[in-house]
Amino acid sequence: MELLTKLLKAQIAIANKFSDGLSVEKSRSLQEKLGGLMAYKYRRDIKFSKIPSSDFTAEYIIPEETMLDGIILYLHGGGYVSGQMSYAKGFASILSANNRIPVCCVEYRLAPENKFPAALEDAYHVYQYLLKNNYSPKNIILCGESAGGGLAYSLCLKLKENSLPMPGGIIAISPWSDLTLSGSSYEKNKENDPSMTKERLRFYAECYTDAVDNPYVSPLFGDLTDFPPSLIFVGGDEIMLSDSSELHNKLLLSGCQSTLYIAPDMWHVYVLFNLKEFSDDYKRINVFLKEVLYGG
């Protein structure tokens, strides 16, 4: 691990000690600022366009030069309680600028004001909107981190239930696929994870729903057959490591294509920090996009 990454990990660990006591409002405010910082570097490479709709809130992020035919439907993280448009645009800007592909950012409704299935309904409506606006399903790639990663798989369950075509692929970064918090890594990595605690995740889950074992909440428990190819990233020190590894294994057992990358010693959603030593992850994302959009 490079020195700057070690220093960042230490800073995250310090911040983590104070995060469990933060109010929902404070958490949302801090997350919005983080999104602004992530997007700042790419402000000259992209432009934004609001989608006119009374059914949901979403924006297009469009690169100055588009190289890939298709669109990423991005679902942000934040435990279903944080993450408004300013935050969503952060990593979405990185995705769009680095891969030269349009991204559709969804500002889904947040808990506890809007409990399950509000977030899922919003994601579903945006996906339908893209289909109605001339995007072929195979040219729509879902991407999400943490809660947004889990939501991407929940969305596919809903699409299958309603006999709608699946997207071309899923890019999941530390997906929260099990809100029952039953994976072995919740205890195994309890002392290793600098970024997340089980207590905080339990609070988020309680804000979101009373039915944490519902497959549309915890897609790890759903029928994953006929899902599109997945590319999954996760940090080796995460308490949520099991959410990714067990999801990956179930996808394979269900006959789906899935690739899992575990970054040793790394924390939750480390990919969003765009660290130099993990630049290969962004190359893998680009290769995956080309494979699912053009067949290899």
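Is the crossing of helix 4 and helix 5 left-handed or right-handed?

1. The crossing is right-handed, meaning that the near helix is turned clockwise from the far one by less than a right angle. Helices here are DSSP runs of H or I with at least four residues, numbered from the N terminus.

2. A word on the model: it is predicted, so local features need pLDDT of at least 70 and side-chain atom pairs pLDDT 80 or more, while totals for chains, interfaces and linings use all residues. Residues are numbered from 1 along each chain, and side-chain values use heavy atoms, without hydrogens or water.

3. Helix 4 (residues 118–132) packs against helix 5 (residues 147–161) at about 65 degrees, their axes 10 Å apart. That makes the two helices roughly perpendicular, a term for angles of 65 to 115 degrees.

4. Now to the pockets (on a 1 Å grid with a 1.4 Å probe, open sets of points with protein on both sides within 12 Å along at least five of seven lines; lining residues have an atom within 4 Å of a point). Of its 35 lining residues, Leu 30, Gln 31, Leu 34, Tyr 87 and Phe 273 are the closest to its centre. Helix 2 gives the most to this lining, with seven residues.

5. The second largest pocket has a volume of about 180 Å³. Helix 9 gives the most to its lining, with five residues.

Technical notes. Axes fitted to C-alpha atoms, helices over the stretch in contact; angles between N-to-C directions. Parallel < 35°, antiparallel > 145°, perpendicular 65-115°, else oblique. Points joined across faces, edges and corners; volume = space filled by probe spheres on them.
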